[in-house]
Amino acid sequence: MPEFGSGSERNTPLTERFDLSRPGLVVLKTGKVEFGQGILLALRQIAAEELDLSADAIVTVSGDTSSSPFEGGTVGSMSVETSGHEVRDAAAVLRSELFDAAARKLDVSLSEITAEGGEFFVAGSRSKETFWSLAAEIDFDRPLGRSAVPKSPKHYKSVGASLPPTHLLERLGGGAFIHDLSFDGMLHGRVLRKPHPDARLESVDADAISGPGVLRVVRERDFIGVIAETEQALATSMARLERRCRWNGIPDDGPRTPLDILANAEVTERVLRADQGSSGPKPAEDGQTLSAVYSKPLIGHGSIGPSCGIATVSDSGVEIWSHSQNVFALRDQIAHVLGRLPQDVIVRHRLGAGCYGHNGADDAAMDAALLARAVPGRPVRVQWTRKDELCCEPLGSPMRISISARVREGRIAEWELTTRSGTHMQRPGWGEQVNLLGPAAASVEFATTVQMDLPDHNGGSKNAVALYDFPQHVSYEFAADLPFRLSALRSLGAFGNVFAIESFIDELAELAGCDPVEFRLRHLADPRARRVVSRVAEISDYSKPCGSGFGRGLGFARFKNTGSYCAVVALVSVDETVEVQKLWAAVDAGLVINPAGVISQIEGGMLQAASWVLKEAVPTDGTRLIAESWKDYPILSFAETPEANVEIIADPEFPSSGVGEVSLGPTAGAIANAITNAFGMRVRELPLTRERLMKAAFEAE
Amino acid sequence: MGVKLTVNGAPVEVRADGSTPLILALRNELELKGTRFGCGGEDCGACMVLVDSAPRYSCTLQLDDVARHQVTTIEGLNDSLAHVLREAILAESAGQCGYCLSGIFVTLHHCLATSAQPKYAEVAKALGRHLCRCGANAAILRAVKRALERIEAGVSHA
């Protein structure tokens, strides 16, 4: 299930998808947005394939609420699955309409016509007609319908071929990112973030903030920000502002960690699957039993570029530039907060730095909109600081996963899993709340009061049910009042759940005295699952012994249990440091559009997961977030980067499934199992730092 | 008021206070937007430029620090060595969002340009000043290997 219902375009006309007014080019309009994952290239390839054009002839208009089709957010690794499908169908309709028009105009039968590069040929000879000469003959306003049959994958030429990411080179220079936009009369603004969600602004000496280049100090209840002529004047005045604001209401809630808070939180329990009772395996029965508790901490997005947004507010309307994942939802919330009609607000997407979920992009755009009200008609640019990013972006929820199981005659006979988590969804508009920092500080009316997770098998319970064939009892304990700002971060609950499941499968394999790969295959009937597990074991020499201090481990999952299959093997060394030396993955994502894009996403997911597993936990003091810089929240460095090797098992018989989030959980399982093999002991609490391993060894003595 | 320096080979006078961070002068006064702001604290390397051929963080340097010096940004790296690097990035899909890549490119160019026989380990070590969050690190390191192979095979960067 997508995080937000994706818009359907079944009854929308061709004009909402394509524009042929630029000779030689086909403009493809999409509501999906690019954030480094390569979706626009994949969509161009799909359209190019149906139209027998080169991908270079397809240009995209993306994520503009005034001209793109409504397609919901670019979320949940759904873009190729859903939008790719819709683009293919629409392009097939366009092709069929163009061919019909050509047959009419050239007075020949359809079977005599071919097209190449947008030019029509009759019995092999070039005619004077092209896609563009015939565009006027087509009714672009007629609803699309589904009459045209897309090409058979057997005839694909462009789809399935790796295209070089030339956009990367274009981004080396200036101009590619939202941060690079500049408008006449543009001002620079920033909001001073509350030091804690409960903090109240007691007093501020606003006069002391003024100085050269400072245009306005904007205050509304606890919302306080500055608008300045230059970034430099802004930085200077923000430093003054920070010293001149007095806050109260910051709770002193002791040394509890987010996981302590989660462990003691009130929860509501939902049973996700009940093949068996929930009393857990009784030791008195035959076979062997085992129980374990795993956890993952609060983690952050940590995009290298800070969140940025630009807004112009005037009587006639509101214009926003944002790197939001969902320009439509952002538009609606900005309209709501500013008291405007949605059609008076235009949100245009521009590339931000890497996006891995619901980060500060929407907040920065809303900050800009709130500040821009003070200077009607002038664009206000907001760019967060690194500290804002570390302390104010929404975070990935802490999780605690308890599993117990019985192994009988080499098989898992009983399995009971309980996963506990806060919400993984607090996007703008979710739960009919604004869910943005600026409005919440400015007015109680816009505060988030209810935390609500995604439906079952998504959010915190994503991949809580194991794909393996054994009887399971699985429940979800949802903690609705965690004192942290939590929302969607790459793979949501799947990361924690798969980490726990794959770790425990290895623990049970050892209990059963069975090789972990063989043990998995014993419980996996699904041939696609078996294939990725077997293949990754093969390419990684999984069964080959490795030297002392080294270990290999495997992790597997099918994302959402309905998406792509991914198995990962890690080779690690544990000595003075814990190092991941090498990672291998085998992935089955059905029909692959752009193999280089798939490899890039899988590999990126593996390395990000390695960073989460080895290093990351958001530092807190009670419920206060305290990171000041990257030094307080270190991520995987180049020196710590393992080699990575991805093999795609492409089967065009199966529909495309997303790959952006599939490798993270399996990588966590693989690294945890590899560390256990190298170190001889298992640590079940992420991150798996050397200090944790040493502590475990010390406690075992 | 004005600070004189040389940027990408051309003398310029920036009309801004001498305490202005170099990155803001480059991006906002000189419209050289390829230099990226990441952290403002020398942790991520997105803002790397060359000052008299040495890689420096432009977020903590002030204009006064570079007065009468030579500053080179990503926009100024267009020689044959830059071409080899670009080709290697393309061949290895070495990047995802690309935000960190300008700074990394500057550092790599410096490493390859200043050593007669650059070693992989040295170049990889120089990347310790940079962060990438998309997980393109491994692909970027593969691009480094590829570029070194090309250079070793005699693709001159003179």
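Good morning. Helix H2 of chain B passes helix H5 of chain B in a right-handed crossing; a crossing is called right-handed if the near helix is turned clockwise from the far one by less than a right angle, and left-handed if anticlockwise. What you see here is a predicted model, in which local features need pLDDT of at least 70 and side-chain atom pairs count only at pLDDT 80 or more, while totals for chains, interfaces and linings use all residues. Residues are numbered from 1 along each chain as its sequence is written, and chains are lettered from A and ligands numbered from 1 in the order in which they are written.

Let me stay with that helix pair. H2(B) covers residues 80–91 and H5(B) residues 137–152; helices are DSSP runs of H or I with at least four residues, strands are runs of E with at least two, and both are numbered from the N terminus. The two helices pack at an angle of about 135 degrees, with their axes 8 Å apart. Axes here are lines fitted to C-alpha atoms, for helices over the stretch in contact, and angles run from 0 to 180 degrees between N-to-C directions.

Which residues of H2(B) meet H5(B)? They are Val84(B), Leu85(B), Ala88(B), Ile89(B) and Ala91(B), and their partners in H5(B) are Ala143(B), Arg146(B), Ala147(B), Arg150(B) and Ile151(B). Contact requires C-beta atoms, placed from the backbone, within 7 Å. Ala, Val, Leu, Ile, Met, Phe, Trp, Tyr, Cys and Pro count as nonpolar, Asp, Glu, Lys and Arg as charged, and the others, Gly among them, as polar.

Now to the domains of chain B. Chain B is divided into domain 1 (3–74) and domain 2 (80–152), with bounds from an automatic or database domain assignment. Their C-alpha centres lie 21 Å apart. The contact takes 13 residues from domain 1 of chain B and twelve residues from domain 2 of chain B. On the domain 1 side, strand S3(B), residues 48–51, gives the most, with three residues.

How does chain B meet its partner? In total, 44 residues of chain B are in contact with 48 residues of chain A. On the chain B side, H5(B) supplies the largest share, four residues. That side divides into 23 nonpolar, 15 polar and six charged residues.

Chain A has a helix pair of its own to consider. H1(A), residues 39–51, and H2(A), residues 79–106, pack at an angle of about 30 degrees, with their axes 8 Å apart. That angle makes H1(A) roughly parallel to H2(A). Their crossing is right-handed. Among the H1(A) residues that meet H2(A) are Ile39(A), Leu43(A) and Glu50(A). The contact divides into eleven nonpolar, three polar and three charged residues.

Finally, the domain assignment of chain A gives domain 1 (14–151), domain 2 (178–249 + 301–392) and domain 3 (399–700). The C-alpha centres of domain 2 of chain A and domain 3 of chain A are separated by 34 Å. Their contact takes 31 residues from domain 2 of chain A and 25 residues from domain 3 of chain A.

How values were computed: Two residues are in contact if their C-beta atoms, placed from the backbone, lie within 7 Å. Angles under 35 degrees count as roughly parallel, over 145 as roughly antiparallel, 65 to 115 as roughly perpendicular and the rest as oblique.
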